[in-house]
Amino acid sequence: MTTATDPRLNAKIPEGAIADKWNNYKEDMKLVNPNNKRKFKVIVIGTGLAGASAAATLAELGYQVDAFTFHDSPRRAHSIAAQGGINAAKNYRGDGDSVHRLFYDTIKGGDFRAREGNVHRLAEVSVDIIDQMVAQGVPFAREYGGLLDNRSFGGSQVSRTFYARGQTGQQLLLGAYQQLARQVGLGGVNLYNRTELVDTVVVDGRCAGIVVRDLLTGELQSHAAHAVVLATGGYGNVFFLSTNAMQCNVTAAWRAHRKGAMFANPCYTQIHPTCIPQSDPTQSKLTLMSESLRNDGRVWVPLNPGDARPAAQIPENERDYVLERLYPSYGNLAPRDIASRAAKRAVDSGRGVGPLKNGVNLDFAAAIERLGKDVVQERYGNLFEMYERISGENPYDTPMRIYPATHYTMGGLWVDYELQTTVPGLYAAGEANFSDHGANRLGASALMQGLADGYFVLPYTIGNELAPLLNKPIPGTDHPAFKLAEQEARDRYSRYLGTNGKRSPDWFHRELGKIIWDNCGMERTEAGLKQALADLPPLYEEFQNDLRVTGDGESTNQTLEKAGRVDDFFQLGMLMCRDALERNESCGGHFRSEYQDEEGEAKRDDENFAHVAAWEWNGDPMAAIRNVEPLEFETVHLATRSYK
Amino acid sequence: MTASHGEHLTNLTLSVWRQKGPDAAGAFESYRIDSISDEASFLEMLDVLNEKLIDEGRDAVTFDHDCREGICGSCSLMIDGQAHGPQRGTATCQLHMRKFKSGANIVIEPWRATSFPIIKDLMVDRSAFDRIIESGGYITSQTGGAPDANLIPVPKPVADAAMDAAECIGCGACVAACPNGAANLFTAAKVAHLNLLPQGQAERHARAESMVETMDEYFGSCTNHGECEAACPKEISIDVIALMNKDYRKAKFANRKEIARS
């Protein structure tokens, strides 16, 4: 195992004590004069929380910004579906919260596999995010006195989560979208909708721009810029069934990876404990029920396997409140990875509930008795309605049934402290990067990170990179590298259309997802991962030879779009399995059955694996090169993560 | 994973609007769905249809969709003449086949509104909504200058009312359902969200005026049919339109230099 630091993986963490690093950085960074900012073009791909906030703020500062989304409107990005809330170390409850505590909880929640410097900065700016979003008019929940309300979330012992009913992501995204829309109206941002990134272009080791495809006409276009930000989300759809939106994909990140951006910790994927179990084989998408439900819902299964009685007929002493029993101090608020494994084991032990025995109960009867139906309705009413629409059952009367599903990916493009990838001039923000959540993300931290990156980090760090480039020419779109990238993309899409095989892109996607879920899902083994790595290349070859895409390349063609995305998911899937196989330890969302203690808890190996694995493209995902960035813990003491 | 536990619907006929491009002539085409689980969502039924069409070497039906949780606002569809189909307060993606019966003939069309031109099949262009937001659907607050969040107390009933309006998902059902193709519910939901909040007061009248006038450039006029409220998947009340009209009227008369006195 190599542990030497690769010079390309220098995280550039500023000097000083942990609490001073970000201030020190800001005091030392180079600035671009306000009148000179308009001489710089910045491209932002993706308009979710990270992308919309970055594009709006960079335009406010005076940069020329081009923003791209494959949706019809920036407001559709999948950040919108986040339900529960956003963390911030405001300590408005006076319950002992602080920046340091949020920092520590995040490091611990990530099972000590995240970089201290980045995480501390995240905790510091979390307080600014709430101020900013309130000023923008986000209608957060309020107390009767008019001050902001908070709720608790998994993995924390303080109430630091701000929320807007069960639609916090929607309200935050609309806030960021409205700031972006304002800049579009003012001419600060050129917005390209229904346009998808198909390649990044690198000239002399620097990111020179991108090639995009107009999804209405199939036309390929090059765009040159001084800096490119990828805020393109995660890759959870590699599993086919996940809580991600149908169009979420890895293409932008993957195409950047193929052009030299290293891909970090792809095996760190998060399985969310509270989703509605699959009900039927044609299902294409799983639906999340907010983790906030675990504040008042109790997770249980029958004590005895095969007990098929309705929940109400099972007496208390024949119920197993799994999380309360195993983790008394956190109870139903244990972190996501831990709660998910507990649910999986309960179902695997034959005690699953529901017609397919594929779920566990999330019971609100005690909360309704304690608080009254009105209070429960006020807290969770819209979630209960959504559950009823999907399942046909009323959770006020019978417990919800839940089961874990893929939800978020902690891995992503490797970035340094400035959120710059290993390709200078190319940045990654939000879920697309790997930086802040280690091996497991805590609830209500994704919204925090997306907005931190976009509002409060990139606008500073991009200036530091751009300042020395003032008045220096950059390669234009007539540069041969752009023409080559366009030609490659044209060939790629022609190939999908011309294969004339028998199977649709969705068929391949479903088969790919099965292999990844079975072998690189909630529990992984050496044998399973090797099996996956043996099964994936032949399936990928079949994809290349037996794909059928109907329609043409000159008008809207969703089948063709899907083909390109599935192609990239195949390659990523192989890398994920390789990363999971090489990481001979269990940490956070990466649980290798070989590495667990007597009680079935994850067993880390800090001696050999306290590092980031950053994979380098080498022409074939099966041949990618594993590089290492050691993680240094100066402030936090490495400890076994316990929630008991 | 495993077989379905629900009932199956059989012998469905779908009449789907097919149109190759914005300027092409369109027509209904009929397709059969022999059997589908009643646990399937409406869009999963269309997924099944598309798989079948691709298997037969035909073009899949184009339709907008994404989150399938009723929140992104991508999905649309007039189902048997109703925006988002028969279930009240439910977007198409959350509609399930248990709301239909075996043997049914289901008519599926794109949003009907000249302000939302058809792109292909069931997909339409709703970017006029973005133009309305760009004209004033925001609170000007440059990143970095915000005061502490608790310095701006918002009474709970006010925050709740703002949130009721802010739940709009921008799907366009209100326009599609309106006999006039008016976008008043969409526009008023945003005006109400921001104009109710203390943070929104500085731009209150400018916002109402600008957004209403941009809306009028693209959409028809409201004549209080109320179809929009009935079609809205978030059940946003048409009361917000009254609020917008009041603010628009005031905007036309108010002396904005003296706004602090009102």
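Chain A and chain B bury about 6900 Å² between them, and chain B itself is divided into two domains, domain 1 (8–120) and domain 2 (127–261). Because this is a predicted model, local features need pLDDT of at least 70 and side-chain atom pairs count only at pLDDT 80 or more, while totals for chains, interfaces and linings use all residues. Residues are numbered from 1 along each chain as its sequence is written, chains are lettered from A and ligands numbered from 1 in the order in which they are written, and side-chain values use heavy atoms, with hydrogens and water left out.

**Interface of chain A and chain B**

- In this interface, 85 residues of chain A are in contact with 82 residues of chain B (contact means heavy atoms within 4.5 Å).
- Of the roughly 6900 Å² buried between the two chains, 48% is on carbon and sulfur atoms; buried area is the accessible area (1.4 Å probe) that two parts lose on being put together, summed over both.
- A:R76, A:R165 and A:R389 supply 10% of the area that chain A buries against chain B, more than any other three residues.
- The interface holds 7 salt bridges, a salt bridge being a side-chain nitrogen of Lys or Arg within 4 Å of a carboxyl oxygen of Asp or Glu.
- A salt bridge links B:D148 to A:K90, with the closest N and O atoms 3.0 Å apart.
- By class, the side of chain A that touches chain B has 31 nonpolar, 34 polar and 20 charged residues; Ala, Val, Leu, Ile, Met, Phe, Trp, Tyr, Cys and Pro count as nonpolar, Asp, Glu, Lys and Arg as charged, and the others, Gly among them, as polar.

**Chain B as a whole**

- Chain B contains 8 helices and 7 strands, and its C-alpha trace spans about 70 × 40 × 35 Å along its principal axes.
- Of the 262 residues in chain B, 58% are buried (buried means under 20% relative accessible area, exposed over 50%, partly exposed in between, with a 1.4 Å probe and protein chains only).
- Among contacts in chain B with a separation of 6 or more, 71% join residues 24 or more positions apart.

**The two domains of chain B**

- The centres of domain 1 and domain 2 of chain B, taken over C-alpha atoms, are 31 Å apart; the domain bounds come from an automatic or database domain assignment.
- Each side gives 17 residues to the contact between these domains of chain B.
- The two domains of chain B bury about 1300 Å² between them, 59% of it on carbon and sulfur atoms.
- On the domain 1 side, B:R88, B:S115 and B:F116 lose the most area to domain 2 of chain B, together 35% of what that side buries.
- There is 1 salt bridge between the two domains of chain B.
- B:R88 also forms a salt bridge with B:E235, the closest N and O atoms being 3.9 Å apart.
- Between the domains of chain B, 3 residue pairs are in polar contact, both residues at pLDDT 80 or more.
- The side of domain 1 of chain B that touches domain 2 comprises 9 nonpolar, 6 polar and 2 charged residues.

**Buried residues and their surroundings**

- A:T550 lies in the loop between α15 (526–546) and α16 of chain A, and is buried, with a relative accessible area of 6%.
- A polar atom of the A:T550 side chain lies 3.0 Å from the backbone oxygen of B:R58.
- Not counting residues up to four places away in sequence, A:T550 touches residues of both chains, including A:L497, A:N557, B:I54 and B:D59.
- A:D568, in helix α16 of chain A, counts as buried at 0% relative accessibility.
- A:D568 and A:T251 are 317 residues apart in sequence, yet their C-alpha atoms are 5.8 Å apart.
- Residues touched by A:D568, not counting those up to four places away in sequence, include A:W254, A:R255 and A:R492.
- In helix α3 (residues 156–166) of chain B, the buried residues include B:K156, B:A159 and B:M163.
- The cover over the buried residues of α3(B) includes α6 and α11 of chain A, together with α5 (184–196) and α8 (239–253) of chain B.

Notes:
Polar contact = N/O pair within 3.5 Å; in protein donor to acceptor, adjacent residues only side chain to side chain. Helix = DSSP H or I, 4+ residues; strand = E, 2+ residues; numbered from the N terminus.
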